[in-house]
Amino acid sequence: MEDSERKVVVVGQVARDLVLSIDDLPEEGGSATVRERREMLGGKGANQGVACRQLGARVELVGVVGDDAAGREVLEQAVDDGIGVAGVVRRAGARTALLLDLVGPPGVRRLVEDVDDQVLLRPDDVEGCRESLRSADAVLVQLQQPGPAVAAALDACAEDALVVADGAPADEDTRRRVLSRADVVRADSAEIQALVGWKPDGEQDVVRAAQELLSQGPRVVALSVSGGGDVIAWPDGHVVMPLLGEEPVDPTGGGDSFVAALTMALLAGETPELAAWWAAVAAADVVRRPGGRPELDADRLRTEARRAYEEAAATTG
Ligand SMILES: Nc1ncnc2c1ncn2[C@@H]1O[C@H](COP(=O)(O)OP(=O)(O)O)[C@@H](O)[C@H]1O
Ligand SMILES: [Mg+2]
């Protein structure tokens, strides 16, 4: 089967991103001139969906926007991006989430988020997409969404679907459900504790945390190490991936492209080790630009990941 025929459903946030690049933050009472402004479809769900689409999947989003102009515009952009939006609820009276990403001065990023409770997913929203979820080859579930909606999504996946969970579970019940159903679990360094129940200190601890999670069901676990790098572990091995590329311009969305590329590689039948390189190369690509929206090229990503993987294998013998 070609990658282009794989269907990926992403369950998560759909938002408008406003990305403003500035040289300096204004003093109180002062003002700053914006050097670059980008307004676009964003949110973790949409960004993961765009990445999967760019990597060749047929993508459907499950999420919530408001019935305002911003909601209409971001859905139009998703359609232009080739993404299915039949599963995105337009909630009457709700405001579409707005994520302000202030980038600059160099190395500094600030996020200001306006996310109304009304645009969080409810179990009913997810149950309305049962058919779509049931027919997906892979389902990406964002654990930032409320527990009951996450549970509904996990329940709706086909038995042989690749189920990928990203983030920190909202509560103990969700944590148990995620570990018993997800094939792949990913968390950044701030999210790990909610997943394993203790706080890893350093790379060796993160490897131990990943192995603990593997013993509870998932077959691939990816955890970020505080201070840089990611551990990707599977039942008979693990790799510690460095952060690739230059100093990032804006780390926003690094994890979202990471998890999307990891998913697409595993869906394509790559080993977890090579999939880890797809993920790291994709993350390094998105953090080079302001904003979380990926601009991935499937052939380039595949070639670069394989080259980096072979180089690493050659140097470690
Ligand atoms: N300089 C960098 N080069 C490559 N990847 C990076 C870099 N900085 C951050 N990352 C990636 O970004 C990820 C951050 O994850 P996360 O905090 O979940 O981001 P988000 O939720 O904003 O997408 C890390 O897993 C790491 O792989
Ligand atoms: Mg993240």
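This is a predicted model: local features need pLDDT of at least 70, side-chain atom pairs count only at pLDDT 80 or more; totals for chains, interfaces and linings use all residues.

**Exercise 1.** Determine how the lining of the second largest pocket divides by residue class, and which element gives the most to that lining.

*Solution.* Begin with the classes: the lining of the second largest pocket has eight nonpolar, one polar and nine charged residues. Then turn to the secondary structure, where α10 and α11 (298–316) each supply at least two lining residues, and where α11 gives the most, with seven residues. Finally, note the space in this second largest pocket, which is about 320 Å³.

**Exercise 2.** Describe the largest pocket by its volume, its central residues, the elements that line it and the classes of its lining residues.

*Solution.* Start from the volume, which for the largest pocket is about 1200 Å³. The lining comprises 50 residues, and those nearest the centre of the pocket are Pro251, Thr252, Gly253, Gly254 and Gly255. As a further step, list the elements that give two or more residues to this lining, namely the helices α1 (44–54), α9 (254–267) and α10 (272–286), together with the strands β6 (97–103) and β7 (109–114). Among the contributors, α9 provides the largest share of the lining of the largest pocket, which amounts to four residues. To finish, sort the lining residues of the largest pocket by class, which gives 20 nonpolar, 17 polar and 13 charged.

Methods:
Residues are numbered from 1 along each chain as its sequence is written. Chains are lettered from A and ligands numbered from 1 in the order in which they are written. Side-chain values use heavy atoms; hydrogens and water are left out. On a 1 Å grid over the protein atoms alone, a cavity is a set of points where a 1.4 Å probe fits but cannot get out, and a pocket is an open set with protein on both sides within 12 Å along at least five of seven lines; lining residues have an atom within 4 Å of a point. Grid points are joined across faces, edges and corners, and a volume is the space filled by probe spheres set on the points. Ala, Val, Leu, Ile, Met, Phe, Trp, Tyr, Cys and Pro count as nonpolar, Asp, Glu, Lys and Arg as charged, and the others, Gly among them, as polar.
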